[in-house]
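My notes follow the order in which I checked things.

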Protein chains: 2
Amino acid sequence: MTSSQKPVRKRNAEKTQQAILAAAQQTFFEKGYDGAGTRQIADRANVNVALINRYFGSKEGLFQQAILPELNIDFMLEGDMTDFGQRVAEMFAAKTGEKDFDPVIALLRASTSKEAIPMLRQTVEEQIIKPLAARLEGDSTHERASLIITQLTGYDLLNRIVNVQTTSSNGADDMTRLLAKTIQDLVDVV
Amino acid sequence: MTSSQKPVRKRNAEKTQQAILAAAQQTFFEKGYDGAGTRQIADRANVNVALINRYFGSKEGLFQQAILPELNIDFMLEGDMTDFGQRVAEMFAAKTGEKDFDPVIALLRASTSKEAIPMLRQTVEEQIIKPLAARLEGDSTHERASLIITQLTGYDLLNRIVNVQTTSSNGADDMTRLLAKTIQDLVDVV
DNA sequence: GCAATAAGTCAACACCTGATTACATAACAA
DNA sequence: TTGTTATGTAATCAGGTGTTGACTTATTGC
């Protein structure tokens, strides 16, 4: 009876904060901002609810620290822009059916929450559109970057959230090819 | 004294149902599925909450009858397809800042609700993508139609919900032009 | 070992949600 | 006028929300 059956985490503020952040990331990803409850996040992190407020001030504060840093476009900008369309189209096509954490889905699921929108707006602009625009040449880089992002988020929205069958029976490759072309046309100078 | 001074609605099931539907449409549009409460809808319709359940069975039933029929692209398909891109791009650009009921926004706002998604999926497929695909010529019509819809919904999402500044200071016209071109390229045979 | 402090727990708050119930009332037919 | 049915009302249910302050417990420095 003396052996410690239960794996009691030793008191460690930093580690419990990490546990909360990880649980929040996963839960916000799965349920969106409104759909994710603080109790649910706390349970997932094996932590008391009140600690969320202690460490992050509020649900909003937790969201800011758990999700916003993940909203960046770095993974898409690795490599040069000549095959950006193809590369990104394949990335997004490959994500179909994927269940693991994905910042784009997290963004979409949170995007209709009154509290989350103000936080998302600045983040999308600063961490996504501007960096992409900076990699484009020619005119109207901000507009072209925006259209690329709207196309990709729209694609993820219908493909992975609403779960609409975006491809007909034989057309998965067609879809990727068309998406790649659409994106690349916006990258190349018009 | 016999004259009825106060504007009590005479008992009329049909009219109160219409009032509920109208209030539901507006409220779901503004707040999304989860964000719209039954009490709020009932208040707006000047009607008791219980009547929602009496007439529509549940919140879901109300959503189905209030929103789903509005999710169609008929208004985009009026006219021929040679200037579809330009026409639609202007439509969507003009909607910026618009507050009236808009089925695309209603779709987006509802798209993050677990209960709403199954209802949305079939509707988007049957009432939006298929009719558009039917108007396209050439190959991969379903895929091209899907990409057009993903681009447009993504555009509305960032432009009108997250409210990201999709255009730089001087680029509103550029934006419309680029959006028109992107869409039309998907309409024209590839 | 002991006190100080950090870490974590607990119960409750005030408020909201969708749904259901018993009940009152208006409209209409016999 | 009476009885019946359609229509609307108010109270209530069981559960959920984020947040708070007081409490207990573990860890650390002396």
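**Entry 1: the model and chain A.** I note at the outset that this is a predicted model. I began with secondary structure. Chain A has ten helices and zero strands. I then took the extent of the C-alpha atoms. Along the principal axes, they fill a box of roughly 70 × 35 × 30 Å.

**Entry 2: burial and contacts in chain A.** I looked up how much of chain A is covered. Of its 190 residues, 50% are buried. Among contacts in chain A with a separation of 6 or more, 68% join residues 24 or more positions apart.

**Entry 3: charge in chain A.** I counted 22 positive and 25 negative side chains in chain A. The centres of these two sets lie 12 Å apart.

**Entry 4: helix α7 of chain B.** How many of the eight residues of helix α7 of chain B are buried? I found eight of eight, over residues 103-110, so this helix is largely enclosed by the rest of the structure.

I then asked what they pack against.

**Entry 5: B:D102.** I moved to the start of α7(B). A side-chain oxygen of B:D102 comes within 2.8 Å of the backbone nitrogen of B:V104. B:D102 also forms a salt bridge with B:K95, with the closest N and O atoms 2.7 Å apart. Is B:D102 buried or exposed? Its relative accessibility is 6%; the cut-off for buried is under 20%, so B:D102 counts as buried. B:K95 is buried too, at 14%.

**Entry 6: the pair in α9.** I looked up B:D156 and B:R160 next. Their side chains meet in a salt bridge at 3.7 Å, N to O. The two residues are four apart in helix α9 of chain B, so about one helical turn separates them. B:D156 is buried at 0% relative accessible area, and B:R160 is buried at 11%.

In chain A, salt bridges that share partners join A:K95, A:D102, A:D156 and A:R160 into one network. Within it, I read 3.8 Å between the closest N and O atoms of A:D156 and A:R160. Both of these residues are buried, and both lie in α9 of chain A.

**Entry 7: total.** Over all chains, I logged 18 salt bridges.

Definitions and conventions:
Residues numbered from 1 in each chain as written. Chains lettered and ligands numbered in written order. Predicted model: local features only at pLDDT ≥ 70, side-chain atom pairs only at ≥ 80, totals over all residues. Heavy atoms only, no water. Buried < 20%, exposed > 50% of the residue type's maximum accessible area, 1.4 Å probe, protein only. Contact = heavy atoms within 4.5 Å. Lys, Arg positive; Asp, Glu negative; His and termini not counted. Charge placed at Lys NZ, Arg CZ, Asp CG, Glu CD. Polar contact = N/O pair within 3.5 Å; in protein donor to acceptor, adjacent residues only side chain to side chain. Salt bridge = Lys/Arg side-chain N within 4 Å of Asp/Glu carboxyl O.
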